Amino acid sequence: MARNRQRYQDQSRRKLLRAIGITTTAAIAGCLGSDEQAPEAVSLDDGQTCDECGMVINEHPGPTGQVFFAEDRLDRDGPAWFCSGTCTYSYRFDREDEGWEPLVTYLTDYSRVEYDIRGESDRSISPHLNTDSYRPESTLVVVAGSDVGGAMGPDIIPFSDTEEASTFADEYSGTVVDAVDIDRELIDGIRS
């Protein structure tokens, strides 16, 4: 009798632990979200102005970005949009400090486009503003501190192919960093 009670308690405990494990896994997956469930990037070639600095995005070189937030806090549908990688992160970090929750951050993916480097002393990289040019930050690395800039001068240059990013860094200087590891200190260092 005591043996049966012990077996029943063990089975109940296992069921409870399994249920807790499943619930925890589902909760974590829900909190983390998935880029597959995220809204799709939009084209930025229609005269949009940067939500951080106000510059007209399609009038300037370099990588651009977009951030979708969990709550619709903008005066329009869709993402906040930016003329540079540095503007993207500066704005996102400031909004996070105010309690906004980013769903997905998109950056130009220079592994997916044919880009040009312009200029001799003040080098810049060509802009790519159509929807297919963007990839989620979670799939990218960036070259930080290169000799190649964008709309705001020094910028991060994103790539989905780490080898291509390394080749770019070898040619134009800089350090390869996972995009998800970008923090305020890195962006402030680039902007100064």
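Select S146: its side chain reaches the backbone oxygen of V148 at 3.1 Å. That is a polar contact, meaning a pair of N or O atoms within 3.5 Å; within protein, one must be able to donate a hydrogen and the other to accept it, and residues adjacent in sequence count only if both atoms are side-chain atoms.

The model is predicted: local features need pLDDT of at least 70, side-chain atom pairs count only at pLDDT 80 or more, and totals for chains, interfaces and linings use all residues. Residues are numbered from 1 along each chain as its sequence is written, and side-chain values use heavy atoms, with hydrogens and water left out.

**Around S146**

Stay on S146. It sits in the loop between β7 (141–144) and β8. Strands (E, at least two residues) and helices (H or I, at least four) are DSSP runs, numbered from the N terminus. S146 is buried, at a relative accessible area of 13%. Buried means under 20% relative accessible area, exposed over 50%, partly exposed in between (1.4 Å probe, protein chains only). Now show its neighbours. Leaving aside residues up to four places away in sequence, S146 touches I157, F168, Y172, S173 and G174. Contact here means heavy atoms within 4.5 Å.

Move on to β8 (residues 148–150). Two bridges join β8 to β9, and the two run antiparallel. Strands pair if DSSP finds at least two bridges between them. Select G150; opposite stands G153 in β9. Zoom out to the open sheet of four strands, in the order β4-β5-β8-β9, with mixed pairing. Its edge strands are β4 (117–118) and β9 (153–154), each pairing on one side only.

**Aromatic rings**

Next, colour Phe, Tyr and Trp. The whole structure holds 11 aromatic pairs. Rings of Phe, Tyr and Trp (its six-membered ring) pair if their centres lie within 6.5 Å; planes under 30 degrees apart count as stacked, over 60 as edge-to-face and the rest as tilted. Go to F82 and Y91, a tilted pair at 5.0 Å centre to centre with 50° between the planes. Both F82 and Y91 are buried.

Then select Y110 and F159. Their ring centres are 6.4 Å apart and their planes at 55°, so this pair is tilted. Y110 lies in the loop between β3 (102–108) and β4, and F159 in strand β10 (residues 157–159), so the pair ties together parts 49 residues apart in sequence. Y110 is buried, with a relative accessible area of 1%. F159 is buried too, at 0%.

Two arginines come next. R76 lies over the face of W81, 3.7 Å from the ring centre. R95 lies over the face of W100, at 5.9 Å from the ring centre. A charge sits over a ring if NZ of Lys or CZ of Arg is within 6 Å of the ring centre and within 35 degrees of the ring normal.

**Strand β3**

Select β3. Five of its seven residues are buried, so-called mostly covered. Strand β1 (residues 65–69) pairs with β3 in the antiparallel sense over five bridges. F68 has V104 in β3 as its bridge partner. Three bridges join β3 to strand β6 (residues 134–136), also antiparallel. Check L107, which stands opposite R135 in β6.

**Whole chain**

Finally, show everything. The chain has four helices and 11 strands. Buried residues make up 39% of its 192 residues.
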